[in-house]
Amino acid sequence: MKSTKIKKTSNLFASGVLILTIANLIVKVIGVMLKIPLSNELLNEGMGYYNSAYEVYVWLYMVSTAGIPVAIAMMVSESKAKGNFRETRKIYKIALITFATVGFVFMAALMAASGWLADSIYKLEGLEYGLIAIAPTLFFICISCAIRGYFQGYQYMTPTAVSEVIESLGKLIIGLLFADYAMERFADVEKVIKGETIQMKYPYAAAATILGLTIGVALSLIYLFIKKATFKESLYNAEFLRPDSDTLPVRSTATILKTLIIVAIPVTLSSSVMSFTTMLDSVIISNKLQGLGISQKEVTETIGYYKTQVITFFNLPPVLIYPISGSLVPYLSSLIVGGDKEKIRNLMNSALRVASLIALPCALGMSVLSEPIIKLIFADKLVEKTNSPELLSIQALSVFFVAMLAMTTSILQANKHERKPIISMIAGALVKITASWLLIGNENIQMFGAPISTLLSYLTIVLFNFYFVSKYVKYRPDFKKVFVGPLVCAVLCAASALGAYNLASLVISSDSIATLIAIAAAGVVYILAIFLLRAITKEDFDLIPKGAKLYGIFVKLKLMR
């Protein structure tokens, strides 16, 4: 017998957040699992090549795909809410063809420009091998994103989640095997560049590792095609079914394509600006440090430990934020179609508050425990003689602003003001580039200019975004309820983390155990502070995976009313 269970949009939002959160956590764990043995294998020099090539890919990935899932999800969600299911199918077909073409163009462009990027822009001989290895991924990922966007429009997040895990597993398993082979195969290959001897095993091994990602993305695309072929959209359409659903007028191909582009381009620009800035940051680091007389080998090592150790930890907290901001766009879009203003405002308040509750303790906690946290994961030989703990201590403070950026951008996108974040991003990018150029080139500051410029950049973007939200969405969050409560709790959390670590270090010889005790103690203090100060509300639990059950438990424990 056919299942007739209707998939409710409100229920799908919460389950979507849970699924994406779990997937993102798995992906990040896999990423760390890759970087630990990979760092030990390639050392900081090899990781410099790996991270530089990967950043070029990320920028082109954002340019070619960032707007695809959002645009498709918004259009599919709106057409579905109107009961126009024929149009949702047409949107998918047009998007698939369009963005497959885009992906092919970007793949060819990266392959053609790889030598120029390596020699003239980065000034890192051997980087071109990694760029060529990763280029096909752009073609595969564009198609993947079109399918993911369709599923996200239905708030069906499982295909997106599983496909991301498949990609990461490919990078981990295949990438590590290829890296190990390349390090042995090219162990004695050297090349003299401008009087400096470069061991070519590092760029070759970095390219081999990246090839694992390309294969992983191809496998995830196969999975997505299978899921699309077996997807029962009627279960998700039932909630919005109308008597005339089969006869509603469908927009023309040209109109749909135009709408896709109009929505996708602003989102793409706003998303890709920061990835471009991140890539350009590496270019500035390489050029400015070499301009100070530092060798290519040392510069590559510096890029390696900064991107591997500092940026890896910096990117962990947003994993818990992006599932909420990603699911917020289609859900908020459907509420806007319904016109429930009170529910819309409550949802935006809760989204910002939950983001603050997640981001603030992470930012302050990482800042005060930067050195023990890095040493908990990476070997001493990779951390010693580097300033990565000091760099992370500054960089961690930007985590809060990243969270606010994600939420305010989603709010603007859902309210059809997707072009406004472009202005914010450009302003932030200009601040980042200018600050990096001036600070990194200063002999007394050097690498500290990178995290300082990042902090200034994200602060600028968030200020612009909140201005646009206030002016165009007519929404101003309650500052005290949304930010002050979470900030007080986060300060208590960071203070307890530092205190617990110092105390544990006095009686325990193992630095790793002392760090874990400090993290555990900080977590307990933070949770108690949240409830004692009533920093979280009943509505906030709707955005948290299994929130309803958690709320019920806390009520029974008399931690909430």
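Reply:

Let's start with a pair of helices, H12 and H19, whose axes come within 9 Å and cross at roughly 120°. Keep in mind as we go that this is a predicted model. An angle over 145° would count as roughly antiparallel and one of 65 to 115° as roughly perpendicular, so H12 and H19 are oblique to each other. Their crossing is left-handed. If you want to find the place where they touch, look for Pro372, Ile373 and Leu376 in H12, which meet Asp511, Ser512, Thr515 and Leu516 in H19. Sorted by class, the residues of this contact are 4 nonpolar, 2 polar and 1 charged.

The largest pocket holds about 1,300 Å³ of space. It is lined by 42 residues, and those closest to its centre are Leu320, Leu357, Ile358, Pro361 and Cys362. Both helices of our pair take part in the lining: H12 (370-377) and H19 (511-532) are among the helices that each supply at least two residues. The others on that list are H1 (9-65), H9 (296-314), H11, H18 (479-507) and H20 (547-556). H19 gives the most, with 8 residues. What classes of residue make up the lining of the largest pocket? There are 37 nonpolar, 4 polar and 1 charged residues.

H11 deserves a visit of its own. This helix covers residues 341-368, and its axis comes within 7 Å of the axis of H15, which covers residues 399-414, with a crossing of roughly 160°. That angle makes H11 roughly antiparallel to H15. The crossing of H11 and H15 is right-handed, while that of H12 and H19 is left-handed. On the H11 side, the residues that meet H15 include Met348, Leu352, Ala355, Ala359 and Met366. Their partners in H15 include Phe400, Met404, Met407 and Ile411. The contact of H11 with H15 has 15 nonpolar and 2 polar residues, and no charged ones.

For a contact with another make-up, turn to H4 (residues 127-153) and H5 (residues 158-185), whose axes come within 9 Å and cross at roughly 155°. That makes H4 roughly antiparallel to H5. Here Ile141, Arg148, Phe151 and Gln152 of H4 make the contact with Pro159, Thr160, Ser163, Glu164 and Glu167 of H5. These residues divide into 3 nonpolar, 3 polar and 3 charged.

Note on methods:
Residues are numbered from 1 along each chain as its sequence is written. This is a predicted model: local features need pLDDT of at least 70, side-chain atom pairs count only at pLDDT 80 or more; totals for chains, interfaces and linings use all residues. Side-chain values use heavy atoms; hydrogens and water are left out. Axes are lines fitted to C-alpha atoms, for helices over the stretch in contact, and angles run from 0 to 180 degrees between N-to-C directions. Helices (H or I, at least four residues) and strands (E, at least two) are DSSP runs, numbered from the N terminus. Angles under 35 degrees count as roughly parallel, over 145 as roughly antiparallel, 65 to 115 as roughly perpendicular and the rest as oblique. A crossing is left-handed if the near helix is turned anticlockwise from the far one by less than a right angle, and right-handed if clockwise. Contact means heavy atoms within 4.5 Å. Ala, Val, Leu, Ile, Met, Phe, Trp, Tyr, Cys and Pro count as nonpolar, Asp, Glu, Lys and Arg as charged, and the others, Gly among them, as polar. On a 1 Å grid over the protein atoms alone, a cavity is a set of points where a 1.4 Å probe fits but cannot get out, and a pocket is an open set with protein on both sides within 12 Å along at least five of seven lines; lining residues have an atom within 4 Å of a point. Grid points are joined across faces, edges and corners, and a volume is the space filled by probe spheres set on the points.
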